[in-house]
Amino acid sequence: DGKSACVLSRLFPSVTITTIDLRDDDPIFANSYGRDNHELRQRFLIDRNKNLAKGGNNINFIQDNSLFLTTREIGLFDLIWLDGAHGYPVASCDITNSIRLLSMQGI
């Protein structure tokens, strides 16, 4: 919902915070966490967008399925925090992608 990105961007205003979430029109997005209800999904989107806007100009929001990161070059990162899908195989793929996208000094 953008809260973590907002907090991180305020704590570290001189760095770029990249946050990734499914596209709004992705069926997986619409059918997760009770968002199959149109009103709840719209409320979530409004809240997420407000949280991201409160964070500042150092937030880079990418809307994509994290599984597609295997084919995208989005740079290397010094810190990667995973908080997406918590089941297999998505979590395993996210961990593998994170290792590939981690800078040499990264955590």
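This is a predicted model: local features need pLDDT of at least 70, side-chain atom pairs count only at pLDDT 80 or more; totals for chains, interfaces and linings use all residues.
Q: A salt bridge is a side-chain nitrogen of Lys or Arg within 4 Å of a carboxyl oxygen of Asp or Glu; what makes the contact between Arg23 and Asp25 a salt bridge?
A: The N to O distance between these two side chains is 3.5 Å, which is within the cut-off, so the term applies. Side chains of opposite charge can pair when their charged atoms come close.

Q: Why is Arg23 called partly exposed, and why is Asp25 called exposed?
A: Buried means under 20% relative accessible area, exposed means over 50%, and partly exposed is in between (1.4 Å probe, protein chains only). Arg23 has 44% and is therefore partly exposed, whereas Asp25 has 59% and is therefore exposed.

Q: How many salt bridges does a search of the whole structure find?
A: The search finds 6. One of them joins Lys3 and Asp1, at 3.7 Å from N to O. Asp1 counts as partly exposed because its relative accessibility is 39%.

Q: What makes Asp47 and Arg43 a salt bridge, and where do they lie?
A: Their N to O distance is 3.4 Å. Both lie in helix α3, 4 residues apart, about one turn of the helix; helices (H or I, at least four residues) and strands (E, at least two) are DSSP runs, numbered from the N terminus. Asp47, at 33%, is partly exposed, and Arg43, at 43%, is partly exposed.

Q: How do you know that the charged end of Arg35 sits over the ring of Phe29?
A: A charge sits over a ring if NZ of Lys or CZ of Arg is within 6 Å of the ring centre and within 35 degrees of the ring normal. The charged end of Arg35 is 3.9 Å from the centre of the Phe29 ring. Arg35 also lies over the face of Phe44, at 4.7 Å from the ring centre. Both distances are within the limit, so they meet the distance part of the rule.

Q: How do you know the peptide bond from Tyr88 to Pro89 is cis or trans?
A: Its omega is near 10°, and the bond is cis. Most peptide bonds are trans. Pro89 lies in the loop between β2 (59-63) and α4.

Q: Where does Asp78 lie, and why is it called buried or exposed?
A: Asp78 lies in the loop between β2 and α4. Its relative accessibility is 56%, so it counts as exposed. The C-alpha atoms of Asp78 and Glu39 are separated by 37 Å.

Methods
Residues are numbered from 1 along each chain as its sequence is written. Side-chain values use heavy atoms; hydrogens and water are left out.
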